[in-house]
Amino acid sequence: MSPGGRKKALRATAPAPVDAEALAEQARGLGLLGWVRPTGEVHAEGAPEAVEELLRALGDGVTTEAARVEGHEQFGIRGVPAGVFVVQEHQATAHHYDFRLEVGGVMRSWAVPKGPSLDPAAKRLAVQVEDHGLAHNDFEGGLGDGAVIVWDRGTYEQGGRVAWPEALDRGHAVFVLHGEKLRGGFALQRTRPGAKPQWLLIKRRDDEARPGSDVVAERPESVVSGKPLGDFLD
Ligand code: MN
């Protein structure tokens, strides 16, 4: 895109599923930013002539609507799993939930004292802890004087305007969870850097949000054994 040039943004929906990888590559080649879903939805922003060229590539029958320039820093692929996530309820010296996202072959991990919530008004402290190996994702049982259960698990999609893992490095990451209990959009926002960085884990407002709910109280059972954590404690 020409430096300082005027930018245009467009939302488009192709009449049929698209090859998202190929379309993203084409969009990047045109200098465009935004995202594509395999279902055929596209958000593109950049030089007007480049947006028009991508639109032509989507073929006949595409529907379009004007969109605002959102400041994307990548042309990403949405709606595809980026990896797995797991939430392990852990009774150690202190009771907490370990929230883990697969990023680059490891499980990035946060200790969440109150556990995750589906209530967008609940901003849950999440203290970043050391990365974990994927091999531990299925573990449940006694551990030291305490115990662990797999409280939830599934896959997740990376979102946001910034590519991962840079989004995490910069302290603001948006993602969509496809778990048994946790579903829909979430954000992790770093509030304090340092040796043990502090973040907030926040449910985004979408169809999966449940204002006023308390999912860790309503659904205490393991998604592996069906048992609550207490069954594994002496
Ligand atoms: Mn833990």
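Predicted model: local features only at pLDDT ≥ 70, side-chain atom pairs only at ≥ 80, totals over all residues.
**Exercise 1. Sort the sides of α2.** Which residues of helix α2 are buried, and what covers them?

*Solution.* First, list the buried residues. In α2, residues 48-57, they are P48, A50, V51, L54 and L55. These sit on the same side of α2, because they cover an arc of only 160 degrees around the axis. Now turn to the face pointing away from that buried side. The exposed residues E49 and R56 are found there. Next, the cover. The buried residues are covered by elements including β1 (8-13), α1 (20-29), β3 (41-46) and β4 (63-66). Last, step past the helix. G59 follows α2 and has a positive phi, near 85 degrees. Most residues other than glycine have a negative phi.

**Exercise 2. Describe the metal site.** Which residues coordinate the manganese ion?

*Solution.* Name the donors. They are H90 through ND1, H96 through NE2 and D98 through OD. The distances run from 2.1 to 2.3 Å. Then read the spacing along the chain: H-x5-H-x1-D. Finally, check accessibility. H96 has a relative accessible area of 14%, so H96 is buried. D98 has a value of 6%, so D98 is buried as well.

**Exercise 3. Examine R78.** Find the loop that holds R78, and the side chain of opposite charge nearest to this residue.

*Solution.* Locate the residue. R78 lies in the loop between β5 (75-77) and β6 (83-91). Look for a charge partner. R78 is buried, yet has no salt bridge. The nearest side chain of opposite charge is E70, 6.4 Å away. A salt bridge needs the charged atoms within 4 Å. Then look for polar atoms. A polar atom of the R78 side chain lies 2.7 Å from the backbone oxygen of G160. Finish with the contacts beyond four places in sequence. Among them are W35, P38, H72, E157 and R161.

**Exercise 4. Examine D119.** Is D119 buried or exposed, and what does this residue touch?

*Solution.* Take accessibility. D119 has a relative accessibility of 15%, so D119 counts as buried. Find the setting. D119 is in the loop between β8 (106-112) and β9 (123-132). Follow the side chain. It reaches the backbone nitrogen of A121 at 2.9 Å. Now leave aside residues up to four places away in sequence. D119 then touches K203, R210, P211, G212 and S213. Take G212 from that list. D119 and G212 are 93 residues apart in sequence, but 5.8 Å apart in space, C-alpha to C-alpha.

**Exercise 5. Step back to the chain.** How many helices and strands does the chain have, and where is a cis peptide bond?

*Solution.* Count the elements. The chain has four helices and 14 strands. Check burial. Of the 234 residues, 44% count as buried. Take the extent. The C-alpha atoms fill a box of roughly 65 × 40 × 35 Å along the principal axes. Now the peptide bond. W164 and P165 are joined by a cis bond, with omega about 0 degrees. P165 lies in the loop between β11 (146-158) and α3 (166-169). Most peptide bonds are trans.

Notes: Residues numbered from 1 in each chain as written. Heavy atoms only, no water. Buried < 20%, exposed > 50% of the residue type's maximum accessible area, 1.4 Å probe, protein only. Helix = DSSP H or I, 4+ residues; strand = E, 2+ residues; numbered from the N terminus. Arc of directions from axis to C-beta. Contact = heavy atoms within 4.5 Å. Donors = N, O, S within 2.8 Å, 3.2 Å for Na, K, Ca; no water. Lys, Arg positive; Asp, Glu negative; His and termini not counted. Polar contact = N/O pair within 3.5 Å; in protein donor to acceptor, adjacent residues only side chain to side chain.
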